[in-house]
Amino acid sequence: MGSPIIQFENFSFQYKSQAEPTLHNINLSIYPGEKVLIAGPSGCGKSTLASCINGLIPFAYPGEQTGSLKINNEEAKDTSIFQLSKTVGTVLQDPDGQFIGLTVAEDIAFVLENACTPQKEMLPRVKAVSEKVGISHHLEHAPDELSGGQKQRVSMAGVMINDVQVFLFDEPLANLDPATGKQAVELIDQIHQDTQAAIVIIEHRLEDVLWRNVDRIVLMRDGKILSDSTPDDLLSTGLLLENGIREPLYLTAMRYANVPITPETLPQSIRSIKLTEADKEKIRTWGTQPLSVQEPPKEGVLLTAENIDFTYENGFHALKNVSLTIEKGELLAIAGTNGAGKSTFSKVICGFEKPQKGTLRFKGQDMATLSIKERADRIGYVMQNPNQMISKSFILDEVALGLRLRGVPENEVQTRVEEALKICGLYPFRKWPISALSFGQKKRVTIAAILVLNPEMLILDEPTAGQDFRHYTEIMEFLRELSAMDITVVMITHDMHLMLEYAKRAVVFSQGQIIADDTSANILTNPAIIQRASLKETSLYDLALMCRAEAPNQFVQHFIDFDREARKHG
Amino acid sequence: MVKLFNFIDRKSPIHALTGASKLACMMCWVFAAMVTFDTRYLIFLTLAAVVLFKISKIRLADVKVLLIFTLVFLLLNNALIYLFSPEHGVTIYGSRTLLFTIIGRYTITSQQLLYHLNVVLKYTATIPMVMLFICTTQPSEFASSLNHIGVSYRISYSVSLALRYIPDVMKEFHDISLAQQARGVELSGKAGVFKRLKSATSILMPLILSSLDRIEVVSNAMELRCFGREKNRTWYRAQPFLRNDYIAFFCGFLLIVISLLLNIPNGGRYWNPF
Amino acid sequence: MKKFSIKTIVAIGIGAALFFVLSTYIAIPTPLPNLKLSVHYGTMAVMSMLFGPMAGALMNLIGHFLGDLAGGWGVWWSWIAGSTFFGFAMGLLGKKVRLDDGEFGTKGIILFNVAQVVAHLIAWGLIAPGLDILLYSEPVEKIFLQGAMGSAGNIVSTAVVGTLLCIAYVAARPKKGSLQKED
């Protein structure tokens, strides 16, 4: 195998500003041509590890390091970030941050420009590499004319053009919808085969990455490496769940059905896994066991949209005759690709945009005359990124802002804020500065700041984006509690797990129309809708087919209900 | 998204010039028109600008919105000047030819009229050139142009970054302001000025913090892709200098020289027919 | 001149984008007709203080220049120079009042406001009108009244917006220390 291209030996690192080391005694070797997945919950040190490999540590973020890290047989700290970048190409998580050029072609050429490559040489190289990633028809496009997936392709091309020996992908799936994520995984695999470079992927969405073969998975927690093994070995243990990583759903289903998972059954992908007839029988029977699930009683209609039609000033026809009814206390998911109309629809509900046609009724009352502020007393809107909503330095002030702006007397403000903080589990932190909170806690602050206005409905844009399994569960369980308190929760999302596990009902937008309005299980087992909404079949569906379950959608529904019960008690 | 700079892709000799020579030419032109108060020269510059506009194949309809803006600004500025100093021209030209009196000190003199004509001509001589530059230069070429006329490539790249992230910052600003409006933040309406300024900070604070985050991410990305490694850098979008570019450079230079030379026969910046 | 770090370059670019967006898209109406308060100088004051005089000057220069280019009223170098000076001056102040060190008490508030008033007065009372008279030979009274209105508006808006942003920024910096939960 030759010598490793990346070699950590007893490596520890501590940021200058932190009291504790972030990485402890790391020993890890990655060989040329290998494909390695580094997984672990938030704060486990996986991003720090990535920064060590590309040289941001120690050159941009100074700190104290012990042990050795060799990249291409040279001690990394004795080189420079420029020298390292010749070996290691990094694709950052935020596609807008990495897209520096004004057009696709310029961005791909960026590294060449910086190396003073003559223009004559740049043109053909940009063209060649853009063809490899399938973006050659968009060379003249500006970043805001591209989708997230296309921007990521540009980032990949911008790195590939340098003929690097290691590709480092930092959470490549974080900002992509399921279908685009699947294509990204395929593209990474293709780059791997074409270039024979080593690939390092940092990601906690394990099942999605395993759509294509991976040589090794390195599992991290608390700055240490917990395990370093083949996917088949790792998936046969319980290590993932114990450490806050979601295992592939088909494996969870197999565990519920008491089917043993061993390395020999090749569990790394639903396509590789080997099930005996007896196993299949077991799974099939499990999937038809009766469960007593109480349907919560319907409590009446909260919001109705009738024939909503909306065209933006620039002529983009975003909503075409959309009608929808939302029940009181419902937990509803709205899915669809970018530009399908789901965000526009929520903007119309909140009054940010005025539809040209159609009526919105809230508890029977026509909303046309209500201002943004008046609507906000009934319907709260929570943005994806809490940092974009928080404007005060202290939790109390932030949550009180909406009430104070409405001229509510200060003593009433205090009681209502305290109440909202208690609901959101933030009461013990009430005097803290917001900067001391985690991302998930900040999210709760933004929700508390909305709840304090006593809305009857919440609209959340991608409530769990970028969250690991633990934080995801935390946020979603909290939203479920809210819905149990009769607050209607509408989530705009393309996270399929979220839809499956938490939303009874899902509405799918495509090209400005609603193309499906059904249970999440039915939608995620319907190939036609999945394709139009840029979703992806759940692996449970594949498992159901493999085991020849009679009704795959019922099998999936059974899994959801069973899982819910299992997690409640376990 | 909003189109910032109204680049209009057509084939014309002006389009074919490099951004650098267009930028230099525009700057010279603006400078030449700024310095002189020779009405004849300003008329010449205006006519020349109109001719160039024709050559560039940019149609009036393409820049209608901008033109209306300019017109309003032009009227407003002239009105203000007259309001404050109805006999400014008299002071400048040192003579007074009264045509008639409107009321009190508001008189109409030939000198004042000539002065206003000069002010108007300064606009008409320069603004078509600025528009021409915007409409015929690709934003991508802007940064490399600056670099070519002598600005360091690092600062030139700042300009490119500004152009790149204006739409993103705009979108972010828009999103934040909607979310804050829903919470009751109002920038217009009945609240007092101070209250509204205070409200504005609840939009600006998240915007600043996220801009700082963005600075961090973008500078990391640039560092990882070797920005600043060499003393120079090449530009993907740069265009080779052709004969016309040298001519354009020369013309720009000539305009300034003429503008300065006119001071001699005129005995100052003003051409005084009185 | 010292070479700018990459971070400073990016800060100049993003700062200019902020200037552009804020100066183009928000203005607070006042009871006086035709006078709107702009909020970008308060914001740019903070950005300039964080990144120093040269960066502050350049981000204002580029932002204002691009704004003028896109605006259609022509490029007004006199006013651009005023903005540039303001950024430079606030950048200098940033060396004295270090927001990143997490201190902005009463002394900081006073220093900030004295500095911003002086900077605005020089920018809009001296530099911009001076250049206007020199380049456009406009009537002195008109220019100085415009200058006075401009500086008054900017001073008020920077006093409120800038001060509040500085306080908020300092409070938003993560601080070390023991935070205790309270029941």
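At what angle do helix 9 of chain B and helix 2 (residues 40–51) of chain C pack, and how far apart are their axes? In this predicted model, residues are numbered from 1 along each chain as its sequence is written, and chains are lettered from A and ligands numbered from 1 in the order in which they are written.

The angle is about 35°, and the axes of helix 9 of chain B and helix 2 of chain C are 11 Å apart. Axes are lines fitted to C-alpha atoms, for helices over the stretch in contact, and angles run from 0 to 180 degrees between N-to-C directions. Helices (H or I, at least four residues) and strands (E, at least two) are DSSP runs, numbered from the N terminus. The crossing of these two helices is right-handed. A crossing is right-handed if the near helix is turned clockwise from the far one by less than a right angle, and left-handed if anticlockwise. Helix 9 of chain B brings Leu204(B), Ile208(B), Leu212(B) and Ile215(B) to the contact (heavy atoms within 4.5 Å). Helix 2 of chain C answers with Thr43(C), Val46(C), Met47(C), Leu50(C) and Phe51(C). By class, 8 of these residues are nonpolar, 1 is polar and none is charged. Here Ala, Val, Leu, Ile, Met, Phe, Trp, Tyr, Cys and Pro count as nonpolar, Asp, Glu, Lys and Arg as charged, and the others, Gly among them, as polar.

Chains B and C also meet through another helix pair. Helix 8 (residues 153–182) of chain B packs against helix 1 (residues 6–25) of chain C at about 45°, with axes 7 Å apart. That angle makes helix 8 of chain B oblique to helix 1 of chain C. Angles under 35 degrees count as roughly parallel, over 145 as roughly antiparallel, 65 to 115 as roughly perpendicular and the rest as oblique. The crossing is right-handed.

Helix 1 of chain C has a partner within its own chain. Its axis lies 8 Å from that of helix 3 (residues 53–71) of chain C, at an angle of about 40°. The two helices are therefore oblique to each other. Helix 1 passes helix 3 of chain C in a right-handed crossing. Residues of this contact include Thr8(C) and Phe19(C) from helix 1, and Asn60(C) and His64(C) from helix 3. The contact holds 11 nonpolar, 6 polar and no charged residues.

The interfaces follow. The size of an interface is often given as the accessible area lost when the parts come together. Buried area is the accessible area (1.4 Å probe) that two parts lose on being put together, summed over both. In all, 64 residues of chain B contact 62 residues of chain C. The area buried between chain B and chain C is about 5700 Å², and carbon and sulfur atoms give 82% of it. Arg154(B), Leu197(B) and Ile215(B) supply 11% of the area that chain B buries against chain C, more than any other three residues. Between chain A and chain B, 60 residues of chain A contact 50 residues of chain B. About 5000 Å² is buried there, with 57% from carbon and sulfur atoms. Phe82(A), Ile100(A) and Leu102(A) supply 13% of the area that chain A buries against chain B, more than any other three residues.

Charged pairs come next. A salt bridge is a side-chain nitrogen of Lys or Arg within 4 Å of a carboxyl oxygen of Asp or Glu. The whole structure has 46 salt bridges over all chains. The interface of chain B and chain C has 1. Lys7(C) pairs with Glu216(B), their closest N and O atoms being 3.5 Å apart. The interface of chain A and chain B has 6. Asp107(A) and Arg225(B) form a salt bridge at 3.5 Å, N to O.

Methods. This is a predicted model: local features need pLDDT of at least 70, side-chain atom pairs count only at pLDDT 80 or more; totals for chains, interfaces and linings use all residues. Side-chain values use heavy atoms; hydrogens and water are left out.
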